[in-house]
Amino acid sequence: MVVDVISPYTVAVAQFDEAAERLGLSQSMRNVLRAPKRELIVNFPVRLDNGDVQMFTGYRVQHNINRGPAKGGIRFSPEVSLDEVRALAMWMTWKCAVVDIPFGGAKGGVICDPHQMSRGELERMSRRYATEISILMGPNSDIPAPDMNTNPQVMAWMMDTYSMHQGYSVPAAITGKPLAIGGSEGRLDATARGVQVVTRAAMRHLGMSPERSSVVIQGFGNVGGITARLLHEMGCKIVGLSDISGGVYNPQGIDVPTAMRFSREHGSLRGMPGTEPVTNRELLELPCDILIPAALENQLTKDNADHVQARLIVEAANGPTTNEADHILNDNGVLIVPDILANAGGVTVSYFEWVQDLQHFFWSENEINQRLESIMTRSFDAVLEKSTNQETNLRMGAYLLAVSRVAEATELRGIYP
Ligand SMILES: NC(=O)C1=CN([C@@H]2O[C@H](COP(=O)(O)OP(=O)(O)OC[C@H]3O[C@@H](n4cnc5c(N)ncnc54)[C@H](O)[C@@H]3O)[C@@H](O)[C@H]2O)C=CC1
Ligand SMILES: O=C(O)CCC(=O)C(=O)O
């Protein structure tokens, strides 16, 4: 059997090209905005617990820094590749522009399996990776944050390593840190809270009510798990959940706090009592009103898009839908809230964290959540208005807004001759 390998960067570039065409951008501007500005590949040694030394490969890609310092998370996974990091960096550029925060786009990653590493090995790898990319990092140049399989502890090690090299603490060099060292209230929940805000807005647009809406969520980590909790609290019926080990389904509804406890105690959702096991593939095709992919890229493809039963998809993950699937879903009348808008709550509160670190003055959780809600609501409304005026879908509406903002900054700076 021939398996299609879908390049996330090809998906990202095709999305950009369509927006550039609709905006009528000059070929020069397209060339500037399409190309990643900097790509750093690092191979570095880490001592394992058994005394051996293993070489790891990591990346940091800055796609565009015309609107501000490069910003974006760090992913630890065996699947990390330069192509993936490049795509994720490009999506960060448009994401920061959609919500209109003064950052450019970047992303980083290390090829590794953190679930097979001890805490000591993970710390040594995180610190060495931070050292390797410290030539790019800095509060005015490039500010990493968490992404898949990284968390506040990894950010703390990276911040400490960067600060050791400077000779003083530089909390604003990284976001998503623990509160005790300059983290922000609300950052842990921020991506999911943003997903909740746009899901509610999209439901209102479609005339759906939480009490009569069923939800399936793929991925039960920082983004998927907290999104499940928030939508459950909002009154939605969560009927399907999954993690890397597979999915669980109950058409009568899953009690999310119980699922969280079960997952914590057993290491996965597999075997949760009162649920039926499903594969991650089957999960995406379950009967439901709202589908929220919150794990990986390329989950909705030409092979399964026609089988999706949801009428609303909210892309909590980055790049979960291929371009072919996007066309099929649009043709089938499914409303898709695109990743660059849907999951922008995380980077928005990262922006708040950076601002608080720079001014050494911290805000309450209430202030953070209110500001986040206001930015996400304003951005959703702007994207909806743009897509309505331009007679296009929400993804293209978001791209038209984002790309035109980055193009305007580029034009004003006179970056190309
Ligand atoms: N953490 C953040 O602040 C942000 C994350 N995102 C995106 O959200 C997505 C999830 O990230 P996090 O929740 O932070 O990661 P995480 O590491 O906390 O959780 C990832 C979840 O996905 C599951 N998973 C991994 N591989 C899978 C597979 N092949 N099939 C099904 N499930 C699988 C894992 O078991 C876990 O439940 C990623 O696409 C990430 O780029 C987007 C914006 C911000
Ligand atoms: O919080 C940030 O700076 C970036 C989070 C991230 O990696 C993302 O939005 O995909």
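**Notebook: a predicted model, looked up piece by piece**

I started with contacts (heavy atoms within 4.5 Å): of those between residues at least 6 apart in sequence, 69% join residues at least 24 apart. I note that this is a predicted model, where local features need pLDDT of at least 70, side-chain atom pairs count only at pLDDT 80 or more, and totals for chains, interfaces and linings use all residues. Residues are numbered from 1 along each chain as its sequence is written, chains are lettered from A and ligands numbered from 1 in the order written, and side-chain values use heavy atoms, without hydrogens and water.

**Entry: the whole protein**

I looked up the elements and found 14 helices and twelve strands. Both are DSSP runs numbered from the N terminus: helices are H or I with at least four residues, strands are E with at least two. The radius of gyration is 20 Å, close to the 22 Å from the globule rule for 417 residues, so the protein is as compact as a globular protein of that length. That radius is taken over C-alpha atoms, and the rule is 2.2 Å times the number of residues to the power 0.38. The C-alpha trace spans about 55 × 55 × 55 Å along its principal axes.

Next I checked the surface. The accessible surface is about 17000 Å², and 49% of it belongs to carbon and sulfur atoms. These areas come from the Shrake-Rupley method with a 1.4 Å probe. Of the 417 residues, 58% are buried, meaning under 20% relative accessible area (1.4 Å probe, protein chains only).

**Entry: the five-stranded sheet**

I traced an open sheet with the order β1-β2-β4-β3-β5 and mixed pairing. Two strands pair if DSSP finds at least two bridges between them. β1 (38-47) and β5 (142-146) are the edges; each has a single partner strand, so one side of each has no neighbour in the sheet. The twist averages 25° from one strand to the next. Here axes are lines fitted to C-alpha atoms, for helices over the stretch in contact, and angles between N-to-C directions run from 0 to 180 degrees.

I then followed one pair. β3 (residues 70-77) and β5 run parallel over five bridges. Alanine 70 faces aspartate 142 of β5.

**Entry: the seven-stranded sheet**

Which order do the seven strands take? I read β9-β8-β7-β6-β10-β11-β12, an open sheet with mixed pairing. The edge strands are β9 (276-278) and β12 (335-337), each pairing on one side only.

β11 (residues 312-314) and β12 are parallel, joined by three bridges. Isoleucine 313 has isoleucine 336 in β12 as its bridge partner. Helix α6 (residues 187-206) lies across β10 (290-293), β11 and β12, at about 160° to β11.

**Entry: threonine 322**

I found threonine 322 in the loop between β11 and α10 (323-331). Is threonine 322 buried or exposed? At 2% relative accessibility, threonine 322 counts as buried. Beyond neighbours within four places in sequence, threonine 322 contacts Ile6, Asn298, Leu300, Thr301 and Lys302.

**Entry: cysteines**

I searched the whole structure for disulfides and found zero. A disulfide is a pair of cysteine sulfur atoms within 2.5 Å. Cysteine 288 is in none; the nearest cysteine sulfur belongs to cysteine 236, 11 Å away. Cysteine 288 is buried at 8% relative accessibility. Cysteine 96 is buried too, with a relative accessible area of 0%.

Key
Buried means under 20% relative accessible area, exposed over 50%, partly exposed in between (1.4 Å probe, protein chains only).
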